[in-house]
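Here is a short report for a first look. Please view the sequence and the model together.

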Amino acid sequence: MAGCYSWFYVVASEDNTRVRITTWGPTVGGRVKNVPFEVNLNKGQIYNVMGVTNNAGRGTDMSGSKIVSIVGADGKCHPISVFSGS
């Protein structure tokens with residue numbers, strides 16, 4: 001559908017949460033498909049990812065993106081929540 005975006009966001013439940021994200025498509029923020037990147041979050045912080053739209057205004061499907069919590073600066077993997085939609 002024209003004018004729609006596929007998106008997901010990650011929520012940290014604890015401080016020092018490190019997350020590795022590999023997107024299924026290019027993002028509005030300039031991330032490239034299948035190139036992992038990492039973000040650090042603290043309790044309550046959210047990291048939002050939106051797929052780009054093509055010239056016809058159709059959004060890139062972000063289904064298949066991989067989001068994992070990894071060991072952070074404190075040596076722990078912290079729990080995360082991930083929500084998605086379109």
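## Fold

How many helices and how many strands does the chain have? The chain has 0 helices and 6 strands. The model is predicted. In sequence order, the pattern reads β-β-β-β-β-β.

The C-alpha trace spans about 45 × 20 × 20 Å along its principal axes. Take the contacts between residues at least 6 apart in sequence: 68% of them join residues at least 24 apart.

## Surface and charge

The chain has 86 residues, and 26% of them count as buried.

The chain carries 8 positive and 5 negative charges.

## A look at D15

Where is D15 found? D15 sits in the loop between β1 (7-12) and β2 (17-22). D15 counts as partly exposed because its relative accessibility is 43%, and partly exposed covers the range between under 20% (buried) and over 50% (exposed).

Which residues does D15 touch, leaving out those up to four places away in sequence? They are L41, N42, K43, D74 and H78. With K43 there is a specific atom pair to look for: a polar atom of the D15 side chain lies 3.0 Å from the backbone nitrogen of K43.

A56 gives another reference point. D15 and A56 are 41 residues apart in sequence. In space, their C-alpha atoms are 41 Å apart.

Methods
Residues numbered from 1 in each chain as written. Predicted model: local features only at pLDDT ≥ 70, side-chain atom pairs only at ≥ 80, totals over all residues. Heavy atoms only, no water. Helix = DSSP H or I, 4+ residues; strand = E, 2+ residues; numbered from the N terminus. Buried < 20%, exposed > 50% of the residue type's maximum accessible area, 1.4 Å probe, protein only. Contact = heavy atoms within 4.5 Å. Lys, Arg positive; Asp, Glu negative; His and termini not counted. Charge placed at Lys NZ, Arg CZ, Asp CG, Glu CD. Polar contact = N/O pair within 3.5 Å; in protein donor to acceptor, adjacent residues only side chain to side chain.
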